[in-house]
Amino acid sequence: MSVTKVVEIPVTLEIPIGPQHPALHEPLMLKVYADGEEVVKVDINTGYNHRGIEKLCERNSFYRNIFICGRVCGICNTVHANCYVRAVEYLMDIDPPKRAKYLRVLAMELERIHSHLIINAIMAEILGFDTLFMYIMRDREKIMKAKEILTGNRVLADYMMIGGVRRDVNGVKKDRLLNIINTIEGDIKRYIKIFETDDTITKRLMGVGVIKPSQITKYGLLGPIARGSNIKIDVRMGDKYDAYGEIPFNVIIRKEMDSWARMMVRWEETLESVNMCRYVLEHLPSDGPAVPDERRLPRRFPAGESFARVEAPRGELTYYINSVGKQVPYRVKIRTPSFNNIINSGFSYIGYSIADVPVILTSYDPCIACMERAIVINVKRGTRKSVSLKQLAKGEV
Amino acid sequence: MPGPSLLKEVLQRFFSKPVTIQYPFESTDVEKDLRGKHYADLSKCIGCSLCAIECPADAIVMEKLQENKKPKQNPRGLYPVIDYGLCVFCYRCVTVCPVKAFITTDNYHLASPTKLNSRDITLKTLPEKKR
Amino acid sequence: MEVPEKIKFLSDLVKKVHSLKPNRIVLEIDKESIRKAFELLLENLGDTGFYLAVIVGTDHPDKNKISLDYYVITHPDKEVYVLRTWLPRDNPRIPSVVDILPAALSGECETYDLLGVVFEGNPHLKRGFFVSPDIYEKGVYPLRKDAKV
């Protein structure tokens, strides 16, 4: 059997719409070697220098780094800022009041809802189901409005500060947020029913990209990918940071191990997040000021090391901070979940057809602006043709 | 073929108004506390430069006022000028100012073909000096 | 400090135990014993008993060493353990664990490209993995403290 076609899929990212893949340009290339229709081998080439942010963090003060680290990812900026702020709080042994912790959970869960909505919309678009894509995006606008009411901005919510949050909620805002959350719950239940019964979706997603539980821990895959293969890892249950120890919620796991299970895990997590937001809004404690006075925060930080983890919508995000007692940190290390998920997952494409490759890649939830272009090289004739990933998914190659 | 529930909704929506807001002709309704265009109020500013030091994007530059225009509380005569092209609207300057000298608005219409900064609108807030 | 009960089988490889905020245990191990430590972990905790979360390398030019941390998180009870080694700064080489634990691939490639630590036995190491060509052609490792980028 000789290789007749080599499909190169360069995937590029652009700042600031680069979720979970930090900083500037990020070319990620999946070199897929295909024989006829079946994938035989996958090489993953990356060339991104997200470490521009790590070197940059060593030159700015701890407070400026809150805003810099919040701009690593556009879709999950709240969780990045939260992880950094908690790592600094562990260093200084500060415990924020309960009201601030509940508000932080509210902001992070709203972000989880909008991130899961957008990846499901993109999965529908890759399959060719454009109507569903448009409907999900229209309903996502309600969540963006909720984020605007809570934090002051639709996308980049600069909401976290050392010792609490930057804005508080009053009675009027609480009622508006509760209305939005009740409306979106009905929408999500409708979409879950479509994903379970619709033929377009079930035939393309079921049985595609199966990963066994022992492969998940050996290859270090995280987040909804692990939960879709029956491994129960969730940092919210494990570390119980912020207010997650007091808010009741379930960790969703599925046994089917394929792409459909991964998307269903995300939908059911969205429903759990809606319940969590409602619980937070109804049970907000008032034990202390949620907003610290930023003019009185300390300027010098003690020496030491700390390690904080957070459950981003895509998996487990970790920050490691090493400080030697000055105004700037000595080392900041950021490990985003897509780093592990995308680079270590080259083994899972083998044996499926070319049209399944975009489906599997989307079910891992990579960055969005990166699903752009694929180059098809016909080795015999030596010609190169540029096709978009959507055409590849529809089988037009 | 979409499932029965989606087909009904598609037919209903076919005859109603699209949800797109035609931006330049209609404007989106935003919250009153949206983080929009902000500028310094020189009747309160004391020229301490904390906003310029704390800005994560280095978008604030301190400029000198003319000698005869310095207000009483600003002996050094420095005032902040924000470059809206570099600003990320994190509002760190607003929250860290010791005398709360920033005026905030919800104006987000900041796209322009030339560079925008806050010099003119800030200078208009200078208190009138009686001679 | 004592080696915790769950990983008592690693005690003869461990030289020092201390803690990292908030309540994570750090075990210092020699660089030749890292591979043996991972083999023992796989034997005693099983395939689904733990996963490798991060590999962090830090440059300490004042001590003339590079510290390398492997963060291991155990599965049902979510404890975080850190295995720390020290490598000499002028020749940082360490045996790779990528054949027994493929999750180390991304961390090792990144640490090689940015700090210059060579993982012997890893066939996928190459410069240009993350760093752009105009920097690696000069032979510069960007995360070292004396690198000017």
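**Helix packing and chain shape**

Analyst: The crossing of α2(A) and α3(A) is right-handed, and please keep in mind that this is a predicted model.

User: Which residues make the contact?

Analyst: On the α2(A) side the contact comes from A:F62, A:N65, A:I66 and A:C69, while α3(A) contributes A:H80, A:A81, A:Y84, A:V85 and A:V88.

User: And by class, how many are nonpolar, polar or charged?

Analyst: Seven residues in the contact of α2(A) with α3(A) are nonpolar and two are polar, with no charged residues.

User: At what angle do the axes of those two helices cross?

Analyst: The axes of α2 (residues 62-69) and α3 (residues 77-92), both of chain A, cross at roughly 155° and come within 8 Å. Angles over 145 degrees count as roughly antiparallel, and α2(A) and α3(A) are therefore roughly antiparallel to each other.

User: Switching to chain B, what is its secondary structure?

Analyst: Chain B has four helices and four strands, and along the sequence they follow the pattern α-β-α-β-β-α-β-α.

User: What radius of gyration does chain B have, against a compact globule?

Analyst: Chain B has a radius of gyration of 22 Å, whereas a compact globule of 131 residues would have one near 14 Å. Taken along the principal axes, the C-alpha atoms of chain B fill a box of roughly 75 × 30 × 25 Å.

User: What share of chain B is buried?

Analyst: Of the 131 residues in chain B, 21% are buried. As for contacts in chain B between residues at least 6 apart in sequence, 79% join residues at least 24 apart.

Notes:
Residues are numbered from 1 along each chain as its sequence is written. Chains are lettered from A and ligands numbered from 1 in the order in which they are written. This is a predicted model: local features need pLDDT of at least 70, side-chain atom pairs count only at pLDDT 80 or more; totals for chains, interfaces and linings use all residues. Axes are lines fitted to C-alpha atoms, for helices over the stretch in contact, and angles run from 0 to 180 degrees between N-to-C directions. Angles under 35 degrees count as roughly parallel, over 145 as roughly antiparallel, 65 to 115 as roughly perpendicular and the rest as oblique. A crossing is left-handed if the near helix is turned anticlockwise from the far one by less than a right angle, and right-handed if clockwise. Two residues are in contact if their C-beta atoms, placed from the backbone, lie within 7 Å. Ala, Val, Leu, Ile, Met, Phe, Trp, Tyr, Cys and Pro count as nonpolar, Asp, Glu, Lys and Arg as charged, and the others, Gly among them, as polar. The radius of gyration is taken over C-alpha atoms; the globule rule is 2.2 Å times the number of residues to the power 0.38. A residue is buried if 20 or more other C-beta atoms lie within 10 Å of its own, exposed if 12 or fewer, and partly exposed in between; C-beta atoms are placed from the backbone.
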